Each structure stands twice: as structure tokens, then as C-alpha cells.
Amino acid sequence: LVVQMADDWSTKHYENSDDDLKKAVYGQLKKLLKDDDLDSIFLWDDVKKWKLALPSKVVDSKAIEAGKPLRLHFAGDFLVGKGRVLGAMEMGIKAADSMLEQFKEM
């Protein structure tokens with residue numbers, strides 16, 4: 001399970017300690033999932049703060065296309081214009097698929 005808090009929530013709580021953030025996020029998850037026993041379910045958690053990580057717009061596709069003849073591949077949420085872990089993962093899979101296709105052609 002990947003939990004990514006909303007932009008405004010993250011900004012408001014950015015200076016909080018990791019422990020305080022975990023408590024707050026677990027509290028929200030318990031309400032959302034209606035499960036007070038989440039602490040025993042999750043074996044690992046992590047807090048990552050990226051102050052400047054949110055893309056403000058989608059990257060120019062011409063710049064990305066220009067890298068293809070050079071076998072350059074790009075991945076990240078900046079390719080979809082919305083800062084989300086899932087977007088970064090999807091773009092990573094797409095880049096990996098593209099690389100595999102290039103290797104097949106070799």
C-alpha cells in the first residue's frame with residue numbers, strides 16, 4: 001500500500017517530525033479503512049518529504065521523443081504532469097517496455 005497525502009496536507013504538515021506524520025497518516029488510514037488494528041498489519045513504513053517534487057505541467061513530448069534515436073528513456077510523474085507515485089511507476093513500466101522492445105531489435 002502506497003499512501004501519498006494531498007498537496008495541501010503535505011504542505012501544512014511538512015515541518016512535522018516523521019513520527020508525528022506517521023501517527024497522523026495512520027489515524028487517517030484507520031478512519032478511511034475502518035480498521036483500528038492497522039499497526040499490526042503493516043510491517044514497514046517510511047516517510048519521504050519532497051518539497052519541490054510536484055510537477056507544474058506535463059513535459060514537452062518533443063524533448064522526450066528527441067531522445068529515442070539516442071536510446072534515452074525517461075520515467076517519472078513529470079511525464080503525466082501530476083505528482084503521484086502511481087504515475088511515476090506507470091511511466092517506469094512504460095520506459096522498461098520500450099527498452100525491452102529496443103533490445104529485441106538488436
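This is a predicted model: local features need pLDDT of at least 70, side-chain atom pairs count only at pLDDT 80 or more; totals for chains, interfaces and linings use all residues.

Read from one end of the sequence to the other, the chain follows the pattern α-α-α-α-α, and its secondary structure accordingly comes to five helices and zero strands. The radius of gyration of the chain is 18 Å, whereas the globule rule gives 13 Å for 106 residues, a value that the chain lies well over, so it is more spread out than a compact globule. Taken along the principal axes, the box that the C-alpha atoms of the chain fill is roughly 55 × 30 × 20 Å.

Turning to burial and contacts, buried residues, those under 20% relative accessible area, make up 19% of the 106 residues in the chain.

The surface comes next. The chain exposes about 8600 Å², and carbon and sulfur atoms supply 58% of that area. As for charge, the chain carries 17 positive and 19 negative side chains, with the centres of the two sets lying 5 Å apart.

Finally, one residue can be examined in its local setting. Arg71 is found in the loop between helix H4 (61-66) and helix H5 (85-104), and phi of Arg71 is near 60°, a positive value in a residue other than glycine. Is Arg71 buried, exposed or partly exposed? Its relative accessibility is 46%, and because partly exposed covers the range between under 20% for buried and over 50% for exposed, Arg71 counts as partly exposed.

Terms used: Residues are numbered from 1 along each chain as its sequence is written. Side-chain values use heavy atoms; hydrogens and water are left out. Helices (H or I, at least four residues) and strands (E, at least two) are DSSP runs, numbered from the N terminus. The radius of gyration is taken over C-alpha atoms; the globule rule is 2.2 Å times the number of residues to the power 0.38. Buried means under 20% relative accessible area, exposed over 50%, partly exposed in between (1.4 Å probe, protein chains only). Accessible areas come from the Shrake-Rupley method with a 1.4 Å probe; for residues, only the protein chains shown count as cover. Lys and Arg count as positive and Asp and Glu as negative; His and the chain ends are not counted. The place of a charge is taken as NZ of Lys, CZ of Arg, CG of Asp or CD of Glu.
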